[in-house]
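Here are my notes on the model, as promised. Have it open while you read, and go through the points in any order you like.

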Amino acid sequence: MKRLMFVLLVGLLSLALIQCGPTATPAPQPSPTEAPPATAVPPTPTEVPPTPTKEAQPKVLRVAATASVTTWDPSASFSTEALYMANIYEPLIWINPDGTFKPALAESWEVSEDGLIWTFNLRKGVKFHDGEPLTADAVVKSIQRTIDLDTGAAWIWWMVDKIEAADEMTVKITLTTPYPLDRVAASTYAAWIISPAAVARDSAWFEEGKEAGSGPWMLESYKPDEEIVLTRFEDYWGGWEDDQFDKVVISIVPEQVVQAQMLEGGEVDLALSLPVETLESFRANPNFVVYEDATLFNYVGFMNVKKPPLDNKLVRQAIAYAIPYEDVVKVGTGGLGQQARGPVPHGLWPYSDEVFQYTYDLDKARELLTKAGYPKGGFKLVLTHAAENLNEERFAPVIKDALAELGIEVEIRPMLWAQQWELAKGDPTEAQDMFLLLWWPTISDGYDNLSSMFKCEEKPFFSLAYYCNEEYDNLINEALRLTATDPKKAQAMYTQAMNILVEDSPALFLYDTNVFRPVPTYLKGYEYNANYPFSTFFYPIRKTQ
């Protein structure tokens, strides 16, 4: 599941690249002391025995990552396996770091004047890894499979009325309401196009470690929570050059400190999640180029509105005023971030500076607690966080110490992400009181953040404060419908909704993150794309020497 957020990201993302390729095993040769086989014919005096040639070793990119795999089904994927999906599969179009779009499986696309019909003209000559050709029918069946499964991030196609093949290489998508479908078609989830031969397969087939993509890399092998090996797809439509890698070997290393040691020691070429404490040492190391980028990741701290005393809005507001946000950012990321303003991070539409932001104010916090009937606190809260997330591990004690100033005792309970999430998806009255979460958007639209984390849910999934406000839901739904036709009005409605959310305070809006990634000077082609926050694209990466 997505975002899963997986916390790990956390410290967030750092890169590591490598090369790899199959190693050919030379045929056994007789040793100098062995007699040749009886049938061997010695060379005549005029013959010169051939000189043995050394088999070229594959170029392997070695990567350390925290990304575990929750599913191999590209239609259901909604979590950290996005790192692998983005290298194995392709969407119709890609979104660039600057928010513009570029061709992927579609060479060009158009939208009707009323915004209801999108036409995608497909790239010719594309093959899937199983040899099947890319056709309009394949795209239609692929997207329809994702919609029909109705799991993961399938909701991103909510506005689709009909998908059809206008001809062999043209796909026409008709919408129920105008919407910028390019954002959806370029999503990091639920937009992957799969081979028509795999459309009828169920998720169990994919979970066997099988894939059906058209991207530059094929899945060669998978050891759960240990290692993933990708090998180049020789028939990739983008082609290959001599300085590109043959293989990518990704070691799944949950510990950020260990990733840093592996990168510094030359065991890996890229490390995708490093402790912030190592930033200065990498900056000072002439063997690395350090990339620093803003991301669309942000941290929230859900407060369980179904359990007392957090069912009292005044208590939640008091806690929000008791948090030293600058300290949380400093301790959690070494300053590589900024206090959040609601759940939509800086740089993602419809972020707004007009959304209210809590400040550190203990006097105000005490005043609100007194109004709520807890003048001296006197209650205990259980706060869970992903054990794999070093950032959360660092700043959780800051929250604990801050609330202790109000007489509130906090028990910090680290849990593996999967366990933390399973607990939270159960009965809210038996779940945690506070839940730290690292979130990133499914598509480049903040509606994802606003809906996935805070809309009413009959059964908890990612709305883990268990918050439900119909006015809020109606506002963001109407804003979504107006996105394409009246973005100014949509922005105003989103801002109104976000202020309602902050007023109700079902969560602590902690901070938006930046990321740093040291890349060895012997590599080139690395680029961070905030629109694919948990993906690193290996295809462009090459060796400089």
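1. A word on burial first: I call a residue buried under 20% relative accessible area, exposed over 50%, and partly exposed in between, with a 1.4 Å probe and protein chains only. Keep in mind that this is a predicted model, where local features need pLDDT of at least 70, side-chain atom pairs count only at pLDDT 80 or more, and totals for chains, interfaces and linings use all residues. Residues are numbered from 1 along each chain as its sequence is written, and side-chain values use heavy atoms, with hydrogens and water left out.

2. Start with Arg542, which is buried at 16% relative accessible area. Its partner in a salt bridge is Glu241, with the closest N and O atoms 3.5 Å apart; the term means a side-chain nitrogen of Lys or Arg within 4 Å of a carboxyl oxygen of Asp or Glu. Arg542 sits in strand β20 (residues 542-543) and Glu241 in the loop between β10 (227-232) and β11 (247-252), so the pair ties together parts that are 301 residues apart in sequence. Glu241 itself is partly exposed, at 48%. Helices (H or I, at least four residues) and strands (E, at least two) are DSSP runs numbered from the N terminus.

3. The salt-bridge count comes to 27. Glu208 and Lys210 make one of them, at 2.9 Å from N to O; Glu208 is exposed at 56%, while Lys210 is partly exposed at 33%. Have a look, too, at the network of salt bridges that links Lys59, Arg232, Glu234 and Asp246.

4. Where do Glu367 and Lys371 lie? Both are in helix α9 (residues 362-371), four residues apart, or about one turn of the helix. An α-helix has 3.6 residues a turn, so residues three or four places apart point the same way. Glu367 is partly exposed at 37%, and Lys371 is exposed at 58%.

5. Helix α7 (residues 313-321) is mostly covered, with seven of its nine residues buried. Among them are Val315, Ile319 and Tyr321, but also Arg316 and Gln317. At the N-terminal end, Asn312 caps α7, with a side-chain oxygen 2.8 Å from the backbone nitrogen of Leu314.

6. Strand β8 (residues 170-175) is mostly covered as well, five of its six residues being buried. On pairing, two strands count if DSSP finds at least two bridges between them. β8 runs antiparallel to β7 (residues 160-167), joined by six bridges, and the two form a hairpin with two residues between them. Glu164 stands opposite Lys172 in β8. Strand β6 (residues 117-122) also pairs with β8 in the antiparallel sense, over five bridges, and there Trp118 has Ile173 as its bridge partner.

7. Finally, the second largest cavity, whose volume is about 70 Å³. Of its 13 lining residues, the closest to the centre are Gln339, Ala340, Gln357, Tyr358 and Phe509. Here a cavity is a set of points on a 1 Å grid over the protein atoms alone where a 1.4 Å probe fits but cannot get out, and lining residues have an atom within 4 Å of a point. Grid points are joined across faces, edges and corners, and a volume is the space filled by probe spheres set on the points. Strand β18 (residues 507-520) gives the most to this lining, with three residues.

Technical notes
A polar contact is a pair of N or O atoms within 3.5 Å; within protein, one must be able to donate a hydrogen and the other to accept it, and residues adjacent in sequence count only if both atoms are side-chain atoms. On a 1 Å grid over the protein atoms alone, a cavity is a set of points where a 1.4 Å probe fits but cannot get out, and a pocket is an open set with protein on both sides within 12 Å along at least five of seven lines; lining residues have an atom within 4 Å of a point.
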